[in-house]
Every structure is written in C-alpha cells, then in structure tokens.
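Try each task yourself, then follow the solution step by step.

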Amino acid sequence: MISVLIASYNRNVVNLIKELHLQLTNSKVDFEIICLDDASKSHKNIENLSLNNLSYCNFQELKDNIGRSAIRNLLASKAQYNWLLFLDADVLPTSSNFITNYIKELESKEFSVFLGGIKYRDIDNNNLLRWNFGKKSEEIPVSIRKENPNKYFFTANFLIEKEKFNSIKFNEELLDYGYEDLLFSKELEKKQISIKQLENEVFHLGIDENLDFINKTKKAIKNLNILIEKGLLKKEDTKLSVLYFKLKKYKIIGFISVFLKFFEKKAIQNSSVFFYNLFRISYLHLVVKNRK
C-alpha cells in the first residue's frame with residue numbers, strides 16, 4: 001500500500017526509520033521503506049546500513065551525487081506501491097499515529113496528495129536564525145494551510161499517489177538547494193491536482209547553524225532567479241521576487257543592496273529574521289545584476 005521514500009545526505013536516519021518501521025508494522029498495511037544516500041561518503045552510513053536488517057527496509061548509498069530532485073525521482077521509480085510517502089531525512093513524526101493518520105485519509109479516495117505539515121522543537125542559540133525563520137514561515141497551523149493548500153507545500157512530509165507523481169516528477173534541472181517544492185506545487189496546480197492539508201506534522205530536526213543557513217539561502221536565491229529566467233516560475237510566485245521587482249520598479253533596490261554585507265552580518269550575529277529578509281532581497285539583486 002505505502003512506499004516510504006527518504007532522500008538522505010550525510011545524515012543518521014536510524015531513529016527516523018525505526019520509528020516509521022514500528023508504526024507501519026503496527027498498522028498492518030503492506031509497506032516498504034527505501035532510503036537513498038546521495039553519495040555523501042559519510043561515516044554515518046555505517047550505522048545506516050544496519051537498517052537493511054529490518055523487514056521491508058532498504059538503505060543504499062549512491063556512487064555518484066545526482067541532486068535533490070533526481071534522487072526523489074529515483075526513489076519513486078524504485079517504489080512498488082501505489083502511495084508514496086516522501087520524507088526528508090532530518091525529520092521525525094510528532095505523533096505515534098503519524099502513519100495511521102495518513103492511512104485513514106486514503107480510505108476517503110477524495111484526494112491524491114496530502115500534506116502533513118512541519119513543526120519545530122526548541123533549539124539552541126547557535127541555530128536560532130533557521131529556527132526563527134522556520135517557526136514563522138513553515139510551522140503553519142492547518143487551519144491557515146487549508147485556506148491556500150498549494151501555497152504551503154513542503155517536500156519534507158507529503159503523501160502522493162504514484163500515478164499522479166509520475167505525471168509531474170521533480171525537475172532534474174534543479175541540482176542544488178532551493179524552490180523544488182514550490183516548482184512541484186505549481187505543476188500540481190497546472191494539472192488541477194488538489195492537495196489536502198492535514199494536521200499530521202513532523203519535527204524538522206536538522207536545523208542549520210546560522211552561517212550554513214545563509215550559504216544555503218544564497219544557493220536557493222540563485223535557483224529562484226534561474227527558474228524565473230526560464231519561465232518555470234513567475235515573478236509573482238514568491239514573496240521575495242514580488243518585493244524585489246516592486247523595489248526595482250521604484251528604483252529603491254539599488255540603495256538597499258549597498259548594505260548587503262551589513263544585513264548578512266547582522267542576520268548571522270543576531271539571528272534576526274528582519275535582517276535575514278533584507279539580506280535576501282539584497283542578494284537577489286546581486287544575483288540578477290551579475291547574470292546580465
């Protein structure tokens with residue numbers, strides 16, 4: 001019935017997979033768990049390989065790094081069941097009923113895609129910027145998510161019918177971090193595939209330290225600009241690009257971007273979402289300018 005698919009990179013996934021295995025076994029459904037490590041060559045995979053001793057569980061290390069989108073497509077191609085539960089490797093279900101909550105929804109046969117949502121635990125100060133941003137932008141109550149299901153699509157925790165997934169797949173032009181979730185949700189929207197938002201969250205545990213988060217953000221913004229240039233996303237599809245082009249229109253962005261390094265420094269030092277957003281808008285201007 002369910003294929004659980006996890007893309008990993010330099011991550012110990014033992015606790016996550018053991019919890020999922022327990023819940024799936026107790027649910028009495030047919031299942032498999034497939035986890036692929038994207039050629040991280042990590043020592044953590046020594047322990048991860050022990051997961052192959054669990055029934056219906058398969059952990060493999062790829063020889064070559066293929067990227068965030070391609071590895072998810074590869075996972076789907078290996079799945080034998082009709083429902084695909086995609087989870088990030090750095091999450092953990094918030095409830096012991098996580099699997100059964102999804103199974104109950106399948107019985108209704110009204111939707112082909114289900115989003116469980118994301119939550120954040122308390123975290124230490126070194127990681128506070130990512131935690132602050134996640135709490136504000138990703139930990140969204142289901143009541144709000146239901147108002148605009150496509151807006152709050154996160155690939156960290158979603159269930160989709162295999163046939164529907166194969167009609168879209170993740171765009172493999174995206175090799176690096178950023179906006180693959182938005183692009184996928186836009187394809188769902190184009191094909192008029194409805195999403196049901198659920199209160200079935202996972203904790204996001206892999207909180208980057210401030211500098212690492214800033215570096216990932218730079219990659220994501222470069223991705224965003226490329227997607228807009230290629231017409232795969234519109235300027236109106238993200239709050240960041242909407243604000244950027246509005247400021248550009250009124251010739252304000254050039255002045256703001258002068259303080260790029262200052263905004264970046266303050267975001268890292270103060271774990272400030274305010275300065276982080278100013279940094280993002282300034283960095284997008286730099287990326288756009290350098291690609292001309």
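**Exercise 1.** In this predicted model, find the ring that the charged end of Arg-72 sits over.

*Solution.* Next, look around Phe-170, which forms one aromatic cluster with Phe-86, Phe-153, Phe-158, Phe-165 and Phe-184. For a second example of such an arrangement, go to Lys-235, whose charged end sits over the ring of Phe-245, 4.4 Å from the centre of that ring.

**Exercise 2.** Decide how the rings of Phe-158 and Phe-184 are arranged: stacked, edge-to-face or tilted.

*Solution.* The structure holds 26 aromatic pairs, and here we take one of them. The ring centres of Phe-158 and Phe-184 are 5.8 Å apart, and the planes meet at 55 degrees. Stacked needs under 30 degrees and edge-to-face over 60, so this pair is tilted. Now place the two residues: Phe-158 is in strand S8 and Phe-184 in helix H8, 26 residues apart, so the pair links distant parts of the chain. Finally, check accessibility: Phe-158 is buried at 0%, and Phe-184 is buried at 1%.

**Exercise 3.** Which residues of helix H8 are buried, and what covers them?

*Solution.* Then look at the cover, which includes helices H3, H7 and H9 together with strands S6, S8 and S9.

**Exercise 4.** Find where Gln-192 and Lys-251 lie, and say whether each is buried or exposed.

*Solution.* Begin with a general point: most residues other than glycine have a negative phi. Gln-192 is not a glycine, yet has a positive phi of about 55 degrees. Gln-192 lies in the loop between H8 and S9 and is exposed, at 71% relative accessibility. Lys-251 also has a positive phi, near 60 degrees. Lys-251 is in the loop between helices H10 and H11, and with a relative accessible area of 74% it is exposed.

**Exercise 5.** Describe the largest cavity and its lining.

*Solution.* The space in the largest cavity is about 40 Å³. Its lining is made of Leu-5, Ile-6, Ala-7, Arg-72, Leu-75, Phe-86, Leu-87, Asp-88 and Thr-155. Strand S1, helix H3 and strand S4 each give two or more of these residues. Sorted by class, the lining has six nonpolar residues, one polar and two charged.

Conventions
Residues are numbered from 1 along each chain as its sequence is written. This is a predicted model: local features need pLDDT of at least 70, side-chain atom pairs count only at pLDDT 80 or more; totals for chains, interfaces and linings use all residues. Side-chain values use heavy atoms; hydrogens and water are left out. Contact means heavy atoms within 4.5 Å. Helices (H or I, at least four residues) and strands (E, at least two) are DSSP runs, numbered from the N terminus. Buried means under 20% relative accessible area, exposed over 50%, partly exposed in between (1.4 Å probe, protein chains only). On a 1 Å grid over the protein atoms alone, a cavity is a set of points where a 1.4 Å probe fits but cannot get out, and a pocket is an open set with protein on both sides within 12 Å along at least five of seven lines; lining residues have an atom within 4 Å of a point. Grid points are joined across faces, edges and corners, and a volume is the space filled by probe spheres set on the points. Ala, Val, Leu, Ile, Met, Phe, Trp, Tyr, Cys and Pro count as nonpolar, Asp, Glu, Lys and Arg as charged, and the others, Gly among them, as polar. Rings of Phe, Tyr and Trp (its six-membered ring) pair if their centres lie within 6.5 Å; planes under 30 degrees apart count as stacked, over 60 as edge-to-face and the rest as tilted. A charge sits over a ring if NZ of Lys or CZ of Arg is within 6 Å of the ring centre and within 35 degrees of the ring normal.
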